[in-house]
Amino acid sequence: MCSPCRNPERSKVIARLRPIAVAALLAVAANNAEAQQDTAPSAGRGPNEVSVTSLFPNGATPPRPPDAIGRRFEGNKLAIADGELLFNQMNCTGCHFNGGGGMGPALMSGHWRYGGRIEQIYESIAQGRPNGMPSWQFVLGPTQIWDLAAYAKSLSVPAPSAASQTAAPDTSVKP
Amino acid sequence: MPAKNYAATRFSALDEINGANVSNLQVAFAFSTGVDHGQEAAPIVANNTMFIVTPYPNIVFALDLTKPGAPIKWSYQPHPAAASQGVACCDVVNRGATYSDGKLFFNTLDDNTIALDAETGKVIWKTKLGDINTGETITMAPLVVKGKVLVGDSGGELGVRGWLTALDVATGKILWRAYATGPDRDVLIGPGFRSFYPSDNGADLGVTTWPGDAWQTGGGTMWGWIAYDPDLNLIYYGTGNPGPWNQEQRPGDNKWTTTLFARDPDTGEAKWALQYNPHDEHDYDGINEQILVDMNVDGKPRKVLLHPDRNGHLYVVDRESGEIISANPYGYVNSVLGIDLKTGRPVMNPDKLTRVGVVVHDICPTASGLKDWNPSAFSPLTGLMYIPHENLCMDWKSRSVSYIAGTPFVGAEVVSKAGPGGNRGEFTAWDPVERKAVWTIKEDLPLWSGAMATAGGLVFYGTMDGWFKAVDAKTGELKWQFKTGSGIIGQPVAYRGPDGHEYVAILSGVGGWAGAIVAGDLDPRDPTGALGMIGVMADLKTKTAAGGTLYVFALPKS
């Protein structure tokens with residue numbers, strides 16, 4: 001049973017999507033179900049506590065060590081692959097493209113407006129952010145959001161873009 | 001109004017600044033907008049006051065031109081929803097305000113039209129026209145015609161259904177709304193509708209030229225320019241691209257996207273339509289300006305409109321009937337082989353059509369067109385049209401995409417590149433009678449600024465690395481240039497100051513689709529970023545930085 005199907009409110013939202021989206025979502029859920037028997041991580045919840053600041057007045061306790069669930073997703077190839085599928089299916093690519101950004105910020109630059117730890121990325125996806133990032137927590141389940149966070153995090157590896165399709169940018173067309 | 005007049009010529013009759021003295025031009029004053037996104041607005045001057053609108057958060061400044069240094073007379077902050085920034089496809093731009101009868105009208109990114117008292121900045125009315133949760137934003141400059149404020153929406157990359165709406169200037173009440181897709185009653189097509197070409201006539205084409213209910217998310221937004229002919233009592237405007245970009249998801253002509261409409265401003269009723277790019281598959285919006293001129297065609301005077309389309313062709317259209325008199329490429333084009341004057345339709349190059357899963361290389365022009373929104377000027381003294389445009393091509397791969405309200409509905413991966421010759425921009429002086437370029441200036445970067453012509457025999461435009469230029473209207477010879485603080489994508493204007501002298505004004509501040517890499521701090525390593533624009537603008541961060549400053553120039557006081 002996929003996690004979206006357990007939540008009636010979420011199912012209602014998904015039902016409003018076009019058929020392609022619903023089919024895609026179910027396909028991903030099925031992938032996840034299979035992967036659980038292998039090594040793909042799954043999660044019933046998001047991170048416990050996330051601060052998006054690095055300021056803690058009066059020497060207050062800094063954030064706890066990296067989230068245990070997050071550590072299972074970060075760098076996991078299957079989670080990243082599922083995250084990439086979702087990244088396309090949920091139209092994340094229309095704003096962030098292959099990491100360079102557009103309507104949304106770049107994800108490959110290594111600079112994260114709201115924190116670059118995987119649990120911080122999780123919360124940016126789940127809660128949304130004020131300058132235009134939508135909140136996905138009523139559409140996607142925790143495993144899917146962790147997958148997306150794992151994929152987004154993987155884009156920031158400082159290497160040439162993995163996904164450009166064709167010509168080098170400085171070429172010009174011959175008439 | 002930003003376009004100077006209803007004919008949208010962007011021609012100023014002022015001639016104090018001319019070819020002989022323009023080399024002495026100097027800064028009279030400058031003003032920081034405090035907003036470092038793309039400044040696409042035209043400064044508007046009325047009653048010795050200059051009005052400017054910034055990109056999001058759409059702050060309006062009124063500057064008192066009667067005082068030294070033009071201090072702030074008032075300012076107004078509409079506080080648009082911050083989330084609206086997340087559904088604006090191509091930077092958070094605003095193309096300016098319009099003034100009429102003591103009121104200033106402008107739009108906010110989060111879909112409000114606001115009327116201010118031009119003297120005090122007090123809100124007279126505010127009307128909400130759309131919903132950012134459907135992906136709708138507003139970026140265009142409104143136009144006032146016969147007591148109505150005309151406003152259109154943006155969001156063609158998010159499956160937004162396009163419309164043009166008329167609001168009462170006094171109250172802000174919505175008087176009519178004409179959709180670009182859907183049944184005739186929604187498009188305001190009635191018994192009086194007679195298009196020139198057969199394929200633009202028929203019942204409910206806004207539904208029947210789409211599969212199923214795809215017209216509901218089919219785009220056709222109106223974020224460009226409106227012209228008005230008072231004698232014919234018709235407004236003219238074009239609609240945007242169909243959605244999604246992946247053409248395989250929407251077989252059919254996809255009416256009325258990329259369409260020129262002639263409408264009665266009193267009722268909104270369409271008199272005729274001309275679809276520039278039926279079943280567009282390259283993102284060739286039809287929203288570019290239309291300049292209304294009367295000219296001789298084969299010895300006979302004709303009322304025409306001039307429209308440089310994204311598809312690379314300069315349309316000369318009879319503005320009474322909608323007949324295309326001529327349509328010629330004003331730069332390098334290979335995706336369209338020509339415009340069939342018998343049918344009104346482009347003849348497409350089959351090698352440059354787009355398909356799912358296939359990378360089609362070197363499609364020219366690119367998605368933003370041979371020319372995008374940035375408006376041309378027309379000088380009645382030279383009879384020439386001055387077209388600031390691009391010289392870009394692209395590689396395109398379509399893929400399937402699902403509609404999820406409030407998210408991008410594109411379905412294509414694009415990489416833009418420089419066109420033949422390697423120069424990414426061109427400034428072309430075009431003779432619409434002879435149907436040919438008289439001269440062309442090659443520019444390294446794409447031109448994203450508008451043009452303005454003056455009776456002083458000059459034409460002004462700006463470049464994306466910040467040069468503001470004056471060239472000879474007859475020859476194109478560079479007469480003067482000034483390096484502003486950031487790239488220029490704004491609209492130059494000229495006005496007579498309270499001291500009786502001529503001034504020229506421009507907003508500097510890079511951004512917009514072509515400048516998104518700087519305004520949005522995007523990563524140059526992903527050529528697909530910003531809808532493929534990063535592919536050809538990867539070097540822009542090395543040539544300019546973000547900013548937002550008004551510059552006003554004048555001759556030295558003698």
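Colleague: Which helices do the buried residues of α7(A) pack against?

Modeller: This is a predicted model, where local features need pLDDT of at least 70, side-chain atom pairs count only at pLDDT 80 or more, and totals for chains, interfaces and linings use all residues. Residues are numbered from 1 along each chain as its sequence is written, with chains lettered from A and ligands numbered from 1 in the order in which they are written. Helices are DSSP runs (H or I, at least four residues), numbered from the N terminus. The buried residues of α7(A) pack against α4 (68-73) and α8 (142-155) of chain A.

Colleague: How many residues of α7 of chain A are buried?

Modeller: Buried means 20 or more other C-beta atoms within 10 Å of the residue's own, with C-beta atoms placed from the backbone. Helix α7 spans residues 118-127 of chain A and is mostly covered. Its buried residues include A:Ile118, A:Ile121 and A:Ile125. The count is 9 of 10.

Colleague: At what angle do α5(A) and α8(A) pack?

Modeller: Axes are lines fitted to C-alpha atoms over the stretch in contact, and angles run from 0 to 180 degrees between N-to-C directions. Helix α5 covers residues 77-89, and its axis lies 7 Å from that of α8(A). The pair is roughly perpendicular (65 to 115 degrees). The angle is about 95°.

Technical notes:
A residue is buried if 20 or more other C-beta atoms lie within 10 Å of its own, exposed if 12 or fewer, and partly exposed in between; C-beta atoms are placed from the backbone. Helices (H or I, at least four residues) and strands (E, at least two) are DSSP runs, numbered from the N terminus. Two residues are in contact if their C-beta atoms, placed from the backbone, lie within 7 Å. Angles under 35 degrees count as roughly parallel, over 145 as roughly antiparallel, 65 to 115 as roughly perpendicular and the rest as oblique.
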